Amino acid sequence: MSDSSEAGGLRARRRDATRMEIHEAAVDLFERNGFDETTVDEIAVAAGVSPRTFFRYFPTKEECVLFDRFGFDQALDEHLAAIDPDTLALADIESVYRALLDGFGDRSDDVSAHFMRVQKLVLATPTLSRAALGRYADKSRRRPEALGDRSSARTRGQIRMILEIANLEVQCAFEEWVEINEAAGGSARTRSLVEVYDDVCRRMREL
């Protein structure tokens, strides 16, 4: 590996680390003080960066919470780029989401615990809930446009319907996962996110 490649990799790792430091500082403050009551300046101070640096990484407070840390969007976009849109089915999208969700839900796992905290914040904060819905709606509009240009058998409306249903299943799974595990408290009788997702998909097919 060349020196320039190593330097580029180091810079990328530093950017990722700074992004996560800002995100985690923001989540801590939002939980403690409330989303609407917390300012960008306060987040910047807690993360050890300037407000200007905050905005280099995140355009808004909402995006600071909602950014795709776990690669959901990238995985779905890569799958859609490789698939024949004429054969696209709901099960295809469900399989992509299921692979991403598998492993979340172990309460002893720090990543799962953090993901749960973020989902609780989104559900409990109207501003974040609206921003999340807007984010999903925007992506649901963009993806059918790209796929529709490659399809001879599917309309953009049909493609969008498949993606919207898949998104709804994921959102319902997030909500139920939070509710189920909150109700369980500290007991061992909790459910993994993928188990909840499988149950939501089954119920959707029964409608």
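**Talking through an all-helix model**

Modeller: The protein chain has 10 helices and 0 strands. Keep in mind that this is a predicted model.

Colleague: What pattern does the protein chain follow along the sequence?

Modeller: Read in order, the pattern is α-α-α-α-α-α-α-α-α-α. As for contacts with a separation of 6 or more, 68% of them are between residues 24 or more positions apart.

Colleague: Why is Thr 38 called buried?

Modeller: Buried means under 20% relative accessible area. Thr 38 has 1% relative accessibility, so Thr 38 counts as buried. Thr 38 is in the loop between α1 (3–33) and α2 (40–47).

Colleague: What is Thr 38 in contact with, leaving aside neighbours within four places in sequence?

Modeller: Leu 29, Phe 30, Asn 33, Ile 43 and Lys 61. As for Lys 61, its charged end sits over the ring of Phe 35.

Colleague: How do you know that the charged end of Lys 61 sits over that ring?

Modeller: The distance has to be within 6 Å of the ring centre, and there's an angle limit too, within 35 degrees of the ring normal. For Lys 61 and Phe 35 the distance is 4.5 Å, and the pair is listed as a charge over a ring.

Colleague: What makes a cluster out of Phe 54, Phe 55, Phe 58 and Phe 67?

Modeller: Rings pair if their centres lie within 6.5 Å, and ring pairs link those four Phe residues. The structure holds 7 aromatic pairs.

Colleague: What is in the largest nonpolar core?

Modeller: That core has 27 residues, and those with the most contacts inside it are Leu 80, Leu 88, Ile 93 and Tyr 97. At least two residues each come from α5 (72–82), α6, α7, α9 and α10. Helix α9 gives the most, with 9 residues. Apart from this core lies another, of 23 residues, including Val 65 and Leu 128.

Colleague: Which residues does Leu 80 touch, not counting those up to four places away in sequence?

Modeller: Leu 88, Ile 93, Arg 143, Leu 147, Arg 150 and Leu 163.

Colleague: How do you know that α10 has close to the expected reach?

Modeller: Helix α10 (residues 193–206) has 14 residues, and at 1.5 Å a residue the expected span is 20 Å.

Colleague: Which residues of α10 are buried, and what covers them?

Modeller: Leu 193, Val 194, Val 196, Tyr 197, Asp 199, Val 200 and Cys 201 are buried. Their cover includes α6 (90–101), α7 (110–124) and α9 (156–184).

Notes. Residues numbered from 1 in each chain as written. Predicted model: local features only at pLDDT ≥ 70, side-chain atom pairs only at ≥ 80, totals over all residues. Heavy atoms only, no water. Helix = DSSP H or I, 4+ residues; strand = E, 2+ residues; numbered from the N terminus. Expected span 1.5 Å × (residues − 1). Buried < 20%, exposed > 50% of the residue type's maximum accessible area, 1.4 Å probe, protein only. Contact = heavy atoms within 4.5 Å. Phe/Tyr/Trp six-rings, centres within 6.5 Å; stacked < 30°, edge-to-face > 60°. Core = buried A, V, L, I, M, F, W, Y, C linked by side-chain atoms within 4.5 Å.
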